[in-house]
Amino acid sequence: MYALDFRGHGLSDWPGRYSFEFFRDDLHAFLEARNLSGATVIGHSMGGVAALLLAERHPALIGALVVEDAPLLLPLDPPRPPAERPSEELGFDWQVVASIDAQLNDPDPGARERLGEITAPTLVVGGSRSHVDQVQLEWTARQIPGGRFASVDAGHLVHTDNPKAFLAALKAFGSADEHGGPRGAHRVSVASVAVEQGHHDLVQRRLRVRRGAFGAPGHETVRAHQDGSLVRRPVGGRPVRPALGLQVRTRH
């Protein structure tokens, strides 16, 4: 299991430039750098959007996809006003909030139109008490060939609010073939990459949850070029141009 901090979060670099597309490209670079083609990707909220965008652009790269309570890229109505930065020290770059809020207010419609191009077995998990529109999440699942939707009694942080039910949904997804599922078994525990948002005061809480869930994780920094291009491994292992450091927690 690899738990990835996106740019601007936790111990990853904070370059000041953020978008769902940058997060998508960072995830792509990480999967390529670690030779993880075919891995299961589990994305929460902002991480779920990035995972969806990657599955649309590179369908063969992702073996199975779990999208947890991710916002559908429809223009917010009413638009989200500028957020006020909290006074306390933050575990993430506040510019992430301004950049992503602007994108949620005026998203690229192409992301919704390309959902049908996803070929990975996909589970969309929604929190029944979340602020995210659950009808829209169900719609997202229906647009993906063979996509499935599971509702869990939880808020936006489904995996934290109701971990037992969240894991049960993943287990049911992983054994879909036993119940006549059209895509066979989806082994969500073999080689998984977990990505999630890190907004507001939840960052440190999430880090503790990860440590509690995954044991004593290892720490690794993976380099991804700031323009979103793939990591290449030159002789000596040094990047050939300035790169972005992404912090990863691992459990083997």
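Visitor: Which loop holds Pro78, and which residue does a cis peptide bond join to Pro78?
Guide: In this predicted model, Pro78 lies in the loop between β3 (62–68) and α3 (95–105). Most peptide bonds are trans. Here the bond is cis, with omega at about 5 degrees, and the residue joined to Pro78 is Asp77.

Visitor: Is Ser45 buried or exposed?
Guide: Ser45 is found in the loop between β2 and α2. Its phi is positive, about 55 degrees, although Ser45 is not a glycine. Buried means under 20% relative accessible area. Ser45 has 5% relative accessibility, so it counts as buried.

Visitor: Is Asn35 buried or exposed?
Guide: Asn35 lies in the loop between α1 and β2 (39–44). Its phi is near 55 degrees, a positive value in a residue other than glycine. Exposed means over 50% relative accessible area. The relative accessible area of Asn35 is 67%, so Asn35 is exposed.

Visitor: How are α1 and α2 oriented to each other, roughly parallel or roughly perpendicular?
Guide: The axes of α1 (residues 20–33) and α2 (residues 46–57) come within 8 Å and cross at roughly 70 degrees. Angles of 65 to 115 degrees count as roughly perpendicular. Therefore α1 is, relative to α2, roughly perpendicular.

Visitor: How many nonpolar residues does the contact of α1 with α2 have?
Guide: Residues in α1, including Phe20, Leu27 and Leu31, meet residues in α2, among them Val49, Leu53 and Leu54. By class, the contact has 1 polar and 4 charged residues, and the number of nonpolar ones is 10.

Methods
Residues numbered from 1 in each chain as written. Predicted model: local features only at pLDDT ≥ 70, side-chain atom pairs only at ≥ 80, totals over all residues. Heavy atoms only, no water. Axes fitted to C-alpha atoms, helices over the stretch in contact; angles between N-to-C directions. Helix = DSSP H or I, 4+ residues; strand = E, 2+ residues; numbered from the N terminus. Parallel < 35°, antiparallel > 145°, perpendicular 65-115°, else oblique. Contact = heavy atoms within 4.5 Å. Nonpolar A, V, L, I, M, F, W, Y, C, P; charged D, E, K, R; others polar. Buried < 20%, exposed > 50% of the residue type's maximum accessible area, 1.4 Å probe, protein only.
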